[in-house]
Amino acid sequence: AIAATGLLVAAMRAEESGRDDALFHDPFAERLAGNEGRRLLTEATADTEQPSAPIVVRTRLFDEALLRAQDHGVAQVVILAAGMDARSYRLPWPDGVTVYEIDQPQVIAIKDERLDGEHPRCRRIAVGVDLSDDWPKVLQSKGFDSSSPTVWVIEGLLQYVHAPDVDRLFARVDALSAPGSGLLYDVVGKTLLEIGRAS
């Protein structure tokens, strides 16, 4: 479900990027979405007019927050369940920034294949590991420095994770975070989910 959501979100970002008044431009989103992402978006728009509006606003807000953090000297970013996120390739990162993208190995492989020939605008390190495994150990083996401030991105993930696993995820992030670190995440509340089920 999470992998499919990544394709759907890429399709939403591609659609937004084609607008004259777009809140952001993601020139890689169309390729990352692929046919499956476009099909998922068609299905999603069959029942509602603007399913992508929260995703679009969230993308813009997270983009701005990430770049503000770099202005304050934060040189490490970790994107958990990165999916088809193209921020490593499209944001104007300052020199010296490393972005770690964590996701399942097969998701990383698909993304790398679809962006073959493109060059990230930062030092991008793909970390192929499932979040149910010991991902902190794998992340550190890739050069992550837990003594350096980090911005963590947990975008569009938590609604798919059981509450005890959310607690465990945040505990692991906390244990790896030096003073001055930040966390960007979004939450879909239980009430909203129950309304969706009832309608």
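The model I am reading is a predicted one. Tyr89 is buried as well, with a relative accessible area of 7%. I then searched the whole structure for aromatic pairs, and the search gave 5. Phe28 and Tyr89 make up a tilted pair, with 5.7 Å from centre to centre and 55 degrees between the planes. Phe28 sits in the loop between helix H1 (2-17) and helix H2 (29-45), while Tyr89 belongs to helix H4 (residues 87-90), so this pair ties together parts 61 residues apart in sequence.

I noted another pair, Tyr100 with Phe144, which is edge-to-face: the centres are 5.8 Å apart and the planes make 80 degrees. Tyr100 is in strand S2 and Phe144 in the loop between H6 and S4, so parts 44 residues apart in sequence are tied together by the pair. Tyr100 counts as buried at 1% relative accessibility, and Phe144 counts as buried at 5%. I also recorded that Tyr100, Trp135, Phe144 and Trp152 form one aromatic cluster.

**Entry 2, the sheet.** I traced an open sheet of 5 strands in the order S3-S2-S1-S4-S5, paired in parallel. At its edges I found strand S3 (123-128) and strand S5 (182-185), each of which pairs on one side only. From one strand to the next the twist averages 15 degrees. S4 and S5 pair in the parallel sense over 4 bridges. Trp152 stands opposite Leu183 of S5. Helix H5 (residues 105-114) packs on the sheet, where it touches strand S2 (98-103) and S3, and its direction makes about 140 degrees with that of S3.

I checked the length of helix H7 (residues 163-175): at 1.5 Å a residue its 13 residues should span 18 Å, and the end C-alpha atoms are 19 Å apart, which agrees. Which residues of H7 are buried? I listed Val166, Leu169, Arg172 and Val173. Seen down the axis of H7, these buried residues fall within an arc of 125 degrees, so they line one face of the helix. An α-helix has 3.6 residues a turn, so residues three or four places apart point the same way. The buried residues of H7 pack against strand S1 (76-80), helix H6 (135-141) and strand S4 (150-154). On the other side of H7 I found exposed residues, among them Asp167 and Asp174.

I located Gly73 in the loop between helix H3 (53-71) and S1. Gly73 is exposed, with 59% relative accessible area. Gly73 and Gly180 are 107 residues apart in sequence, yet 9.7 Å apart in space from C-alpha to C-alpha.

Note on methods
Residues are numbered from 1 along each chain as its sequence is written. This is a predicted model: local features need pLDDT of at least 70, side-chain atom pairs count only at pLDDT 80 or more; totals for chains, interfaces and linings use all residues. Side-chain values use heavy atoms; hydrogens and water are left out. The expected span of a helix is 1.5 Å times one less than its number of residues. Buried means under 20% relative accessible area, exposed over 50%, partly exposed in between (1.4 Å probe, protein chains only). The arc is that of the directions from the helix axis to the C-beta atoms. Contact means heavy atoms within 4.5 Å. Two strands pair if DSSP finds at least two bridges between them. Axes are lines fitted to C-alpha atoms, for helices over the stretch in contact, and angles run from 0 to 180 degrees between N-to-C directions. Rings of Phe, Tyr and Trp (its six-membered ring) pair if their centres lie within 6.5 Å; planes under 30 degrees apart count as stacked, over 60 as edge-to-face and the rest as tilted.
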